[in-house]
Every structure is written in C-alpha cells, then in structure tokens.
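Hi there,

Here is the model I promised to pass on, with some notes on its charged side chains below. Have a look when you get a moment.

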Amino acid sequence: MEIKKIIDKAVAGDQGAFTALLDMYWNEVYGFMLKRTENETDAEDITIETFSKAFDKLGQYNPDFQFNTWLIAIAKNVHIDMLRKKKISLFVDITDDEDHQAYNVADTTPSAEDKIITEQNLKRLLEFIKELKPHYQEVIQLRYFQEMSYQEIAEQLNEPLSNVKVKLLRAKKLLAEIILNR
C-alpha cells in the first residue's frame with residue numbers, strides 16, 4: 001500500500017516521491033538490463049530512459065500490476081528501441097547516383113549459358129588443336145592448358161627457350177589458319 005501512496009505523490013508532482021521511486025527500483029531495473037545487455041553503459045542508459053518514460057507516463061500506471069513489473073516492461077521496450085536504432089545505423093546512406101553505380105557493376109560470374117558456350121568453344125578448339133602436328137599440340141597444351149611459363153616449357157621439353165617461343169608462335173599461327181578456314 002505504501003508504494004501506491006508514493007506513486008500518487010509523484011503523480012501530484014512531489015519531487016521527493018520521484019526520488020523515492022528511483023531509489024527503490026533503480027538497482028532492480030539496472031541489474032535486469034545489465035544481465036540483458038552485458039554492457040554497463042547500455043544498461044545505465046536504458047535504466048535512465050526507462051525511469052524518464054515511466055515518470056512521464058506515471059498517471060497511466062495500473063496499480064493492479066506490480067510497479068517493478070511495469071518498469072521492467074518499459075525497460076524491455078527501451079532496449080528493443082535501442083537495438084533497432086543501432087541496426088538502422090549500421091546501414092550506410094548512399095546517394096541515388098551511388099546506388100545507380102552499384103547496380104551497373106558488371107557481374108563477371110558466368111551464367112549457365114556462358115558455361116555451355118565456353119564448353120562448346122573449348123571442345124571445338126580442342127578439335128582444331130588435334131589437327132596440328134604433335135609437337136605444336138604439346139606446346140599449346142603446356143602453355144595454355146597447364147599454364148606453364150616459357151622457361152618451364154623449355155625445361156620440360158629440354159629445348160632452348162628461343163625454340164619454345166618460336167614453336168609456340170608457329171603453333172598459334174597455324175591454329176588461327178585452321179580456325180579461319182572452318
């Protein structure tokens with residue numbers, strides 16, 4: 001019954017009553033929010049905001065319910081609002097022009113159709129390569145399919161570097177002629 005009298009005095013504007021309510025319930029609300037947020041600063045901010053809102057709406061308090069339960073409900077809502085604000089602040093504001101530029105970034109990921117075309121082209125290319133003499137096929141294979149350097153090819157074939165370069169150049173020219181004639 002005593003809490004009801006204190007609340008009535010606070011509703012009437014008695015500053016001593018506000019202080020009494022704050023003293024009586026501060027630790028409970030703060031402790032609850034500290035467990036929930038695991039952050040002393042956030043818990044304190046939420047507790048301050050909770051009492052501010054509670055004192056503004058004190059006339060709406062229903063005495064059928066425990067005062068501390070009402071305060072905790074307000075604290076939960078303040079916490080939810082704080083989380084929403086933090087979430088919104090994570091999004092970066094960009095201009096319409098920047099947004100437009102973002103949508104115009106080319107997607108370099110090959111589509112299913114691109115993959116099929118690439119496979120078909122590769123199959124045709126391999127058929128053309130098979131028409132070359134074996135030593136030209138070998139240098140094309142090593143350079144473009146195994147991605148070996150000229151030096152690595154020279155070592156693999158046990159040939160001078162200049163020979164490998166010339167052989168690769170001739171293989172590419174012959175391959176281009178085969179492709180053009182088809």
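Asp-81 is partly exposed at a relative accessible area of 33%, where partly exposed lies between buried (under 20%) and exposed (over 50%), using a 1.4 Å probe and protein chains only. Helices here are DSSP runs of H or I with at least four residues, numbered from the N terminus.

Before you read on, a word on the source: this is a predicted model, with local features needing pLDDT of at least 70 and side-chain atom pairs counted only at pLDDT 80 or more, while totals for chains, interfaces and linings use all residues. Residues are numbered from 1 along each chain as its sequence is written, and side-chain values use heavy atoms, leaving out hydrogens and water.

The structure has four salt bridges. Another of them joins Glu-49 to Lys-53 at 3.9 Å, N to O. These residues are four apart in helix α3 (residues 40-56), again about one helical turn. Glu-49 is partly exposed at 37%, and Lys-53 is partly exposed at 34%.

Lys-167 and Glu-159 also pair up, at 2.8 Å, N to O. Here Lys-167 is buried, at 15%, whereas Glu-159 is partly exposed, at 24%.

Best wishes

Notes: Salt bridge = Lys/Arg side-chain N within 4 Å of Asp/Glu carboxyl O. Helix = DSSP H or I, 4+ residues; strand = E, 2+ residues; numbered from the N terminus.
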